[in-house]
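This report describes a structure made of protein chains. Please consult the sequence and the model shown below while reading.

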Amino acid sequence: MTLAEMQFVLPDLRPASAEIFLLAMTCVVMLADLFVKDKKRTLTFVLTQLTLIGTLLVTYATSTGEISYTFSNMYVSDLMADVLKVLLYVTVIVVLWYSRGYVLDRPQMAKGEFYSLTLFATLGMMVMISANHFLTIYIGIELLSLSLYAMVALNRDSVSATEAAMKYFVLGALASGLLLYGMSMIYGATGTLEITAVAERLHMGQANKSILVFGLVFLVSGLAFKLGVVPFHMWIPDVYHGAPTAVTLLIASAPKLAAFAIVIRMLVNGLIVLAQDWQMMLIILSVLSMAVGNFAAIAQTNLKRMLAYSAISHMGFMLLGLVTGVVGADARFALNAYSSAMFYVVTYVLTSAGTFGMILLLARAGFESEEIDDFKGLNKRSPWFAAVMMMMMFSMAGIPFFVGFFAKFSVLQAVVAAGYLWLAIVAVLFSLVGAFYYLRVVKIMYFDAPTDVTPIKAPIDIKLLMSANGLAVALLGVFPQILMSVCAYSIIRSL
Amino acid sequence: MEFKTFVFYFLSAIMVFASLRVVTARNPVHAALFLVLAFFTASGVWLLLQAEFLAISLVLVYVGAVMVLFLFVVMMLDINIDRLREGFWSYLPLGSIIALLMVLEMGVILGGSYFDILEIGVPQTAAGESNVQSIGRLLFTDYVYPFELASVILLVGIVAAVALTLREKRKTKLVSPATQVFVKAKDRVRVLQMPAEKRD
């Protein structure tokens, strides 16, 4: 073929217009920030928020609800991707809003890069959510992780933040290596990296099973690293603890949505034929995570560290939803199982954002408010914030009627329906253990005398946002079917 | 001997010699330069295999960018050679095990037919088309999405590196001639009248 015969067919850019808009606006934000003289970077903050709102509108406008592929099938746009992306934008907007005061009190953090790196991380998560190719998944993960490594280290003068960034970087690189190795094995066995094509070839049964399962082990290990489930959880407590709380809030919320999406894309969309194999692996990871997460959280005195172990146990619980999709080559339960897992992730992100938001709200310049004892007597200092925090803790513990209860309930119901009664019992027992440390925080807030009696001052917008977050946790607990049906519908339309 | 075979052995001999010198040269700058030589000859071998894209990128990326950076680092840092050479004997057992493993692996691959490893021939490109051309076409058509995203990752790398290393603006001693010419002597010199102090 000569040069004249070559044709360049422009790919259909419409499904990916949200990503393109976000990338273009991120560059605009970066350039605009160079001319901002203001120490508070108000312009950068406002532009970033407008960018996210604009991306939300673009996603909404271009959403068709149909499954469409573009960029030579590397990119998929379906309802699940659209729903997860909208939740992602909302989460990032809320995260930046909560972080605003904290960042302003710390001159090292109040740089334009805080915002541009957040936007790049958001782009990475969007790429992960819409990936239909192992290569795209990997590149999305790297884009997200690279931005997060830098953000963890943004507070350069803090030794613990630098240490956390270093650990995160090294372990993240190791996890990427595992993931890539797994992907290369799957490529070797099927001859393609495109997820839908992998699924087709597996259905035809042409692939070498032993290489596939070997690759699957590495793939699941890499995913487990990214999700932070035992035994690949070592980075979570150190990173959550060492990172500036604003960055911890980001790490603990939005990436869970993207991680859920890539698990669905890789394991369910791509490797569903191997479901018996990966479900077994996930059960082991899940039980171990719930055990280690819940028991280790009891011993913590630092709230961020406690929440890190709680995140490990929650991710373990979420995996339960994924392991029950296929029972003995029967996929009847798939819809129920995967939508309950999605519901679980969304509610976890909601509560996790509120809890870390509360730590940010109580923090001041030179005071992190990250020890559990810093919450002593919060009720005397601010009854409303104590009530909101109590709702978050109740929801995380799974006490009725908060949204976390319904999340746990729907996952357990999927597990029982699939016939894993013992697994449901184990999960409930570990949740009971978990209730102890959540309730301890509530006890400290209500029954202990405050060490510091200064009333809490917060700007009105943060108060409103925090109240909205708390009310969402409470109201979704009363009307869980709204969110549940959104999750179920988006999964039906996308599988 | 065919001319091609002669070129191959010629390049290989230089490469083996250069690689040996990389580890045996006493001067780290010489070692780095020998590594450059090894890269050059390796890219020559790749050219013989008709892998011109790999050959060009090896020279551009490794020789042009990585090794220059390496040389800078080697020249900037004051490396104490004697301290580097300490502990040679204690590392020897581990090093030799790794070397042995690598030799074994190479043997398995080179003698693939004896070990029932699938032999894959050299992939052929379409006639009249260089592989630079085919790689370029694939990158900008089928793989344009990951290709562009990879460039975003590089951008993040730059942003992150600047954010993490750039300290506060240095106070530059740059003078503006336009304002400098307006300076008068009384702006620079101040004559103070101080009362004489009494000694105790």
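## Basis of the report

The coordinates are those of a predicted model. Local features are reported for residues with pLDDT of at least 70, and side-chain atom pairs count only at pLDDT 80 or more.

## Architecture of chain B

Chain B contains nine helices and zero strands. Read from the N terminus, its elements follow the order α-α-α-α-α-α-α-α-α. Of the 200 residues in chain B, 19% are buried.

The accessible surface of this chain amounts to about 16600 Å², and carbon and sulfur atoms account for 69% of that surface. When contacts in chain B between residues at least 6 apart in sequence are considered, 51% of them join residues at least 24 apart.

## A nonpolar patch on chain B

A nonpolar patch lies on the surface and is formed by B:Phe53, B:Ile56, B:Leu60, B:Val61, B:Tyr62, B:Val66, B:Phe70, B:Val132 and B:Ile135. Together these residues have about 740 Å² of accessible area. Two helices of chain B, H3 (52–76) and H6 (131–140), each supply at least two residues of the patch. The largest contribution, seven residues, comes from H3(B).

B:Phe53 is one of the patch residues and is located in helix H3 of chain B. B:Phe53 counts as partly exposed because its relative accessibility is 33%, a value that falls between the limits of 20% for buried and 50% for exposed.

## The interface of chains A and B

How much area do chain A and chain B bury between them? The value is about 2500 Å², with 74% of it on carbon and sulfur atoms. In terms of residues, 31 of chain A are in contact with 24 of chain B.

Between chain A and chain B there are zero salt bridges, whereas five residue pairs are in polar contact across the interface, with both residues at pLDDT 80 or more. On the side of chain A that touches chain B, helix H1 (17–34), helix H4 (112–129) and helix H5 (134–152) of chain A each supply at least two residues. The largest share of that side, eight residues, belongs to H5(A).

## Salt bridges within chain A

Over all chains, the structure holds eleven salt bridges. One of them joins the side chains of A:Lys85 and A:Glu19, at 2.9 Å from N to O. A:Lys85 belongs to helix H3 (residues 79–105) of chain A and A:Glu19 to helix H1 of chain A, so this pair ties together parts that are 66 residues apart in sequence. Both A:Lys85 and A:Glu19 are buried. A:Asp78 and A:Arg265 form a further salt bridge, with their closest N and O atoms 3.1 Å apart. Because A:Asp78 sits in the loop between strand E2 (75–77) and H3 of chain A and A:Arg265 in helix H11 (residues 254–270) of chain A, the pair connects parts that are 187 residues apart in sequence. A:Asp78 and A:Arg265 are both buried.

The side chains of A:Arg305 and A:Asp238 also meet in a salt bridge (3.1 Å, N to O). A:Arg305 lies in helix H13 (residues 303–323) of chain A and A:Asp238 in helix H9 (residues 235–242) of chain A, so parts 67 residues apart in sequence are tied together. A:Asp238 is partly exposed, with a relative accessible area of 22%. A network of salt bridges links A:Glu163, A:Lys167, A:Asp238 and A:Arg305.

Note on methods: Residues are numbered from 1 along each chain as its sequence is written. Chains are lettered from A and ligands numbered from 1 in the order in which they are written. Side-chain values use heavy atoms; hydrogens and water are left out. Patches are made of residues with over 30% relative accessible area and no salt bridge: like charges are joined within 9 Å, nonpolar side chains (Val, Leu, Ile, Met, Phe, Trp, Tyr) within 5 Å. Accessible areas come from the Shrake-Rupley method with a 1.4 Å probe; for residues, only the protein chains shown count as cover. A salt bridge is a side-chain nitrogen of Lys or Arg within 4 Å of a carboxyl oxygen of Asp or Glu. Helices (H or I, at least four residues) and strands (E, at least two) are DSSP runs, numbered from the N terminus. Buried means under 20% relative accessible area, exposed over 50%, partly exposed in between (1.4 Å probe, protein chains only). Contact means heavy atoms within 4.5 Å. Buried area is the accessible area (1.4 Å probe) that two parts lose on being put together, summed over both. A polar contact is a pair of N or O atoms within 3.5 Å; within protein, one must be able to donate a hydrogen and the other to accept it, and residues adjacent in sequence count only if both atoms are side-chain atoms.
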